[in-house]
Amino acid sequence: MSLVGALPLAPRKWPSRQLIVSLLILSAILIALWIHAPNFFRYNNIVNVLLQASLLGMLAIGMAVIMIVGGIDLSLPANMAMSAVLGAFYMKATGDWGTASLIMAGAGLSIGLINGVAVAKLKMIPFVVTLAMMTIVSGTSVWVTNSLSISQLPDGFLNLFGARPLFRIPITVIIVSVLAFVITVLMRSSIAGRWAYAVGINDKSARVARVPIDRVVMASYVFGGLMAGLTAILLTARLGSASANMGNDGMVLDIVSACVVGGISIHGGAGRIFGALFGALLVTVLSNAMNLIGVSFYLSLVIKGAVIVAFVAVDSRRGGSR
């Protein structure tokens with residue numbers, strides 16, 4: 001039997017139980033908004049919701065790949081903020097937004113690489129490593145900026161990544177949609193994608209099948225870091241500035257929520273990239289709906305936390321039956 005033939009195929013159950021429940025929840029929210037807050041369905045608001053969901057969705061794509069392999073990265077929002085700050089400093093000092101964009105992407109990738117080395121090579125616990133990295137990177141961002149925003153960025157940067165080329169749809173939405181499609185195809189059809197699912201399903205069996213587990217795990221964290229860097233570019237262009245609080249603690253909850261409600265298993269080895277993107281849309285709509293009806297920020301955190309617990313319970317039952 002060939003090595004390729006020995007690897008498990010990517011799971012074909014679609015949609016998952018979590019995703020079906022998510023669809024029902026989203027439908028219920030939209031019906032409630034249609035009755036109680038019809039202004040939600042104005043075109044400009046829909047476009048704004050899609051933009052917010054896309055930015056969250058890019059981070060969720062990175063987290064989804066890491067979770068499929070069996071890990072987690074709590075430092076993604078802090079990574080994004082740090083990458084944005086470094087690129088914005090360079091951009092403001094030199095006016096060279098092209099190089100600054102590469103700095104943002106490279107900084108995100110580098111932080112992801114450090115996480116990957118710690119988890120894959122040093123065999124450190126992902127939760128602890130990425131929590132520590134989140135603290136280090138967040139503190140560094142506040143320190144180098146003195147808690148101030150970096151603004152007055154070049155118009156070329158803002159105009160390119162803030163463009164709305166098609167029916168006033170932001171280019172961010174288009175970029176994230178295309179990226180999600182490409183990563184979905186690669187995760188489903190490529191050897192690297194099958195390796196990722198194999199490691200997440202059972203790393204011992206993957207090792208027997210001669211899957212390079214350390215490289216797969218490290219690559220997943222590098223990819224997650226790259227997604228944080230790319231998100232830094234798009235979010236900085238949208239806001240017109242960069243600051244340390246771009247990656248607030250609540251964003252971690254939103255990213256994990258998006259993945260879990262989108263059918264990405266916390267046990268690894270199951271889920272689809274488009275599921276995480278759909279989860280980002282659901283979380284964004286839920287947040288928007290709670291804001292429209294006047295739910296406080298802290299109560300919204302309680303509700304999101306309860307949603308995660310419910311979906312984790314469903315996933316745990318599925319994981320235990322595999």
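## Helices H3 and H11

Helix H3 passes helix H11 in a left-handed crossing. Before going further, please keep in mind that this model is predicted. To find the two helices, look for residues 43–69, which form H3, and residues 213–239, which form H11. Their axes come within 7 Å and cross at roughly 165 degrees. Because angles over 145 degrees count as roughly antiparallel, H3 is roughly antiparallel to H11.

What kinds of residues make up the contact of H3 with H11? There are 17 nonpolar residues, together with six polar and one charged.

## Helices H9 and H11

H11 also meets helix H9, which covers residues 191–201. Here the axes come within 10 Å, and the crossing angle is roughly 105 degrees. H9 and H11 are therefore roughly perpendicular to each other.

Which residues make this contact? From H9 come Trp 195, Ala 196 and Val 199, while H11 brings Ile 213, Val 216 and Val 217. The contact of H9 with H11 divides into six nonpolar residues, no polar and no charged.

## The nonpolar core

Now let us turn to the core. The largest nonpolar core has 94 residues. Those with the most contacts inside this core include Val 199 and Val 217, which also take part in the contact between H9 and H11. Met 80, Phe 157, Met 187, Cys 259 and Ile 273 are likewise among the core residues with the most contacts.

Definitions and conventions. Residues are numbered from 1 along each chain as its sequence is written. This is a predicted model: local features need pLDDT of at least 70, side-chain atom pairs count only at pLDDT 80 or more; totals for chains, interfaces and linings use all residues. Side-chain values use heavy atoms; hydrogens and water are left out. Axes are lines fitted to C-alpha atoms, for helices over the stretch in contact, and angles run from 0 to 180 degrees between N-to-C directions. Helices (H or I, at least four residues) and strands (E, at least two) are DSSP runs, numbered from the N terminus. Angles under 35 degrees count as roughly parallel, over 145 as roughly antiparallel, 65 to 115 as roughly perpendicular and the rest as oblique. A crossing is left-handed if the near helix is turned anticlockwise from the far one by less than a right angle, and right-handed if clockwise. Ala, Val, Leu, Ile, Met, Phe, Trp, Tyr, Cys and Pro count as nonpolar, Asp, Glu, Lys and Arg as charged, and the others, Gly among them, as polar. A nonpolar core is a set of buried Ala, Val, Leu, Ile, Met, Phe, Trp, Tyr and Cys residues joined through side-chain atoms within 4.5 Å. Buried means under 20% relative accessible area, exposed over 50%, partly exposed in between (1.4 Å probe, protein chains only). Contact means heavy atoms within 4.5 Å.
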